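Hello,

Handing this one over to you now. Please load the structure below and read my notes next to it.

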Amino acid sequence: KKKKQRDYMLNVPNGISNTLMNTVSLCADPTAASYTDSSDDETSPREKTQVNSKGSSDFCVKNIKQAEFGRREIEIAEQDMSALISLRKRAQGEKPLAGAKVVGCTHITAQTAVLIETLVALGAQCRWTACNIYSTQNEVAAALAEIGVAVFAWKGESEDDFWWCIDRCVNTEGWQANMILDDGGDLTHWVYKKYPSVFKKVQGIVEESVTGVHRLYQLSKAGKLCVPAMNVNDSVTKQKFDNLYCCRESILDGLKRTTDVMFGGKQVVVCGYGEVGKGCCSALKALGAIVCVTEIDPICALQACMDGFKVVKLNEVVRHMDMVITCTGNKNVVTREQLDRMKNGCIVCNMGHSNTEIDVASLRTPELTWERVRSQVDHIIWPDGKRVILLAEGRLLNLSCSTVPSFVLSITATTQALALIELYNAPEGRYRQDVYLLPKKMDEYVASLHLPNFDAHLTELSDEQAKYMGLNKNGPFKPNYYRYQHHSTQSE
């Protein structure tokens, strides 16, 4: 019997400002001051022994005592993630993930916690780690650890910490993952390389980023993908809402919080005009920035032209730019040579998943001085005194330096949950050892769960109309090849 599948948003960041929450919480309870960022505590979480209230120590977070504040953050996120909560309530009776052992590697934020707790409510056992060393909300990780989720993550991990956390999630006695939920492909890569016997027994992989999907297709092409995988990134709901609408808002949030920059009249180049690039360009243009675009794809380039953006080569314009923003998912999009040619005060940041887009490693040389001016903001100073402002060391700006709207994350998380349910419950033979797109019917279901937020009422086809169009009255309403149009620059 096919279970109702519903999608759940996993990936993203937290809808409330930590600073604001800290202030509100301290006003309400002066004794809660200990939760405020504890970044003054330089002891590595790996060197601490912590236990939750149930006596478990199967986790590694910054400070388990922050759990109560983290719980409040999660409750706030739930208010704007009603579709995911609706999925939880509808499906928790039949426990469609009973027996699922999910190992996850995503951003650990209040919104992701709502996803994780939904998976647990649907019957799954979860072990979780962070896909980004800067985006973890320590208090949320503590709240998850308190309820018994094995979380290994904290804000400001080193590279070594990052891989150690992933290994602790996978390599544990008496527990073997049978599902993988990934954001970026690092967890999948680690299991494939280090634990091939575990990888072969996994029933399915759900991946939500451009970078991770690309790595899955590489494995598949080489004949090394021995399990079915679901490409959530290219589902319509994820592409349009997380990549486009979410980035349209969070790009401004991240830049304002880190630099207090004014956008009117600024010269900005956005590298890549996919969904993320479209969202960024739309927002920047609306605030009066003069935006140009770089692209390798003629179709995306033509879209940029029709939306009113000049398509250029980075080398031709880099010396005149006030901001350079990457969102391609590729590597070395901004090179050391181009960084050398930037003008004084140029802001450089990345909105793609991976930290490979800006060649940050090339800046760690003796002749350049790094000056940390505030959290996640470095001034790179050249010998002649020129400064380039680098944000989050080239890592994902909106998750490292700001937050993402809970509503958008609800859409992504619902999609992820449904994809896990689909792969875990699919009869043998439905999915082979390949990468699949989320079925259109599930995409439509995710969208329908979110319509009540807007008091939106769908029109129903009559029998005659359905027959005329050759459709089932309950959907799917569009063929798989249909491309939903965007209006990325007309919204202002």
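Is the crossing of helix 6 and helix 7 left-handed or right-handed? It is right-handed (left-handed would need the near helix turned anticlockwise from the far one by less than a right angle, right-handed clockwise). Helices here are DSSP runs of H or I with at least four residues, strands are E runs of at least two, and both are numbered from the N terminus.

This is a predicted model: local features need pLDDT of at least 70, side-chain atom pairs pLDDT 80 or more, while totals for chains, interfaces and linings use all residues. Residues count from 1 along each chain as its sequence is written, and side-chain values use heavy atoms, without hydrogens or water.

**Helix pair.** The axes of helix 6 (159–170) and helix 7 (186–194) come within 10 Å and cross at roughly 65°. Axes are lines fitted to C-alpha atoms, for helices over the stretch in contact; angles run from 0 to 180 degrees between N-to-C directions. Helix 6 brings F162, W163, I166, D167 and V170 to the contact, and helix 7 brings D186, L187, W190 and V191 (contact: heavy atoms within 4.5 Å).

Eight strands make an open, mixed sheet, ordered 10-9-8-11-12-15-14-13. Pairing takes at least two DSSP bridges between two strands. Strand 10 (310–311) and strand 13 (369–374) are the edges. Strand 8 (267–271) and strand 11 (323–326) run parallel, joined by four bridges. V269 has V324 as its bridge partner in strand 11.

**Across the sheet.** Helix 10 (236–259) lies across strands 11, 12, 13, 14 and 15, at about 125° to strand 15.

Best wishes
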